[in-house]
Amino acid sequence: MAQGSAKIRIASAEPLGQGARLLRVERADGAELGFAGGQYVIINTGVTLPGGKLAKRAYSLLSSDAEQRAVEIAVKRIGAGPGSNVLNDIAVGAELEWSGPWGKLRLPPGFSGRALAIATDTGITAALGVARSAAAAGAAQLDLLWLVESAEGYFLSERFVRERLPDSVGLTVAGDFLPVGHPERPARACALVGQHLSTAPYDAVLCAGDGAVIYPLRDLLTSLGAPEGSVILESFFNNPLKKSV
């Protein structure tokens with residue numbers, strides 16, 4: 001695992017829906033990244049924020065971990081956000097500092113059971129990495145449940161996601177999910193996941209996205225008898241465990 005200070009190079013770039021970009025990046029020194037599907041890297045945009053801190057942003061790796069020298073990340077432009085704007089405008093060939101890979105949202109090597117990946121909103125980027133991983137290829141079954149307000153109007157469209165998923169992965173899109181911050185969002189998510197679990201239990205459940213949703217999902221799964229350690233979370237936003245500053 002290549003955790004440490006290094007540089008990445010923008011190898012190629014293409015538009016991705018409305019206000020987003022698909023970047024293919026590689027280590028400037030030509031070395032492998034050493035990541036597993038579901039992990040992310042932190043990119044230093046070089047922009048200094050008010051207060052003196054550098055704008056560093058985390059991006060999940062969309063690519064299959066069978067390819068370790070060049071990977072894809074999806075970057076959504078967020079208003080005047082310094083990180084997303086730099087990466088949406090950066091030139092091919094430019095280099096930036098990065099660190100990683102980081103994150104525990106991954107299937108263990110040699111996994112052969114039944115797995116469910118649950119993504120809300122932008123968490124679909126991490127879920128794509130999980131579904132395309134070498135570990136997922138050995139799973140007896142892998143299902144992906146995506147909870148999003150509108151998959152077709154999203155910066156990653158449903159078509160984009162389906163085109164990149166292996167044929168063996170079963171994708172269900174709840175494209176009329178409640179908006180972020182809606183008070184009934186956690187309960188709606190639990191109801192949808194409960195329906196998904198009605199057929200047979202899963203050996204591993206990996207959840208990414210809205211912390212206000214995925215932590216209640218973990219509580220639900222635990223109450224239904226999920227084995228200790230079988231539910232893994234990666235909160236992209238609204239993390240209840242993150243201390244306010």
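Hello everyone, let me start at one residue. Leaving aside neighbours within four places in sequence, histidine 196 is in contact with Leu116, Asp143, Leu145, Thr172 and Tyr202, where contact means heavy atoms within 4.5 Å. Histidine 196 sits in helix H5. Is histidine 196 buried or exposed? Histidine 196 is buried, with a relative accessible area of 17%; buried means under 20% relative accessible area, exposed over 50%, and partly exposed in between, with a 1.4 Å probe and protein chains only. Between the C-alpha atoms of histidine 196 and alanine 131, which are 65 residues apart along the chain, the separation is 17 Å.

A word on what you are looking at. This is a predicted model, where local features need pLDDT of at least 70, side-chain atom pairs count only at pLDDT 80 or more, and totals for chains, interfaces and linings use all residues. Residues are numbered from 1 along each chain as its sequence is written, and side-chain values use heavy atoms, with hydrogens and water left out.

Which order do its strands follow? The open sheet has five strands in the order S9-S8-S7-S10-S11, with parallel pairing; two strands pair if DSSP finds at least two bridges between them. Strand S9 (169-174) and strand S11 (231-237) are at the edges with a single partner strand each, so one side of each is left without a neighbour in the sheet. On average, neighbouring strands here are turned by 10 degrees against each other, direction ignored. Axes are lines fitted to C-alpha atoms, for helices over the stretch in contact, and angles run from 0 to 180 degrees between N-to-C directions.

Let's look at one pairing. Strand S7 (residues 114-120) and strand S8 (residues 141-147) run parallel and are joined by seven bridges. Arginine 114, for instance, has glutamine 141 in S8 as its bridge partner.

Helix H2 (residues 124-131) lies across S7, S8, S9, strand S10 (204-210) and S11, at about 170 degrees to S8.

Out on strand S11 we find serine 235. Serine 235 counts as buried, at 19% relative accessibility. Not counting residues up to four places away in sequence, serine 235 touches Gly209, Gly211, Ile214 and Tyr215. A polar atom of its side chain lies 3.1 Å from the backbone oxygen of phenylalanine 237.

Next, the inside. In soluble globular proteins, nonpolar side chains tend to be buried together. A nonpolar core here is a set of buried Ala, Val, Leu, Ile, Met, Phe, Trp, Tyr and Cys residues joined through side-chain atoms within 4.5 Å. How many residues does the largest nonpolar core have? The largest core has 35 residues, and those with the most contacts inside it are Leu107, Ile124, Leu144, Leu156 and Leu165. Elements giving two or more residues to this core include strand S2 (20-27), helix H3 (134-137) and helix H4 (158-164). H2 gives the largest share, six residues. Apart from this core lies another, of 21 residues, among them Leu145, Leu147, Val213 and Leu217.

Now some rings. Rings of Phe, Tyr and Trp (its six-membered ring) pair if their centres lie within 6.5 Å; planes under 30 degrees apart count as stacked, over 60 as edge-to-face and the rest as tilted. The count by this rule is two aromatic pairs. Tryptophan 146 and tyrosine 154 are edge-to-face, 6.0 Å centre to centre with 70 degrees between the planes. Tyrosine 154 and phenylalanine 155 have ring centres 5.3 Å apart and planes at 55 degrees, so that pair is tilted. Together, Trp146, Tyr154 and Phe155 form one aromatic cluster. Tryptophan 146 is buried at 0%, tyrosine 154 is buried at 16%, and phenylalanine 155 is buried at 6%.

Last, some backbone details. A cis peptide bond, with omega about 0 degrees, joins glycine 100 and proline 101, and proline 101 is in strand S6 (residues 95-102). Aspartate 121 has a positive phi, near 55 degrees, though it is not a glycine. Aspartate 121 lies in the loop between S7 and H2 and is buried, with a relative accessible area of 5%.

Methods: Helix = DSSP H or I, 4+ residues; strand = E, 2+ residues; numbered from the N terminus. Polar contact = N/O pair within 3.5 Å; in protein donor to acceptor, adjacent residues only side chain to side chain.
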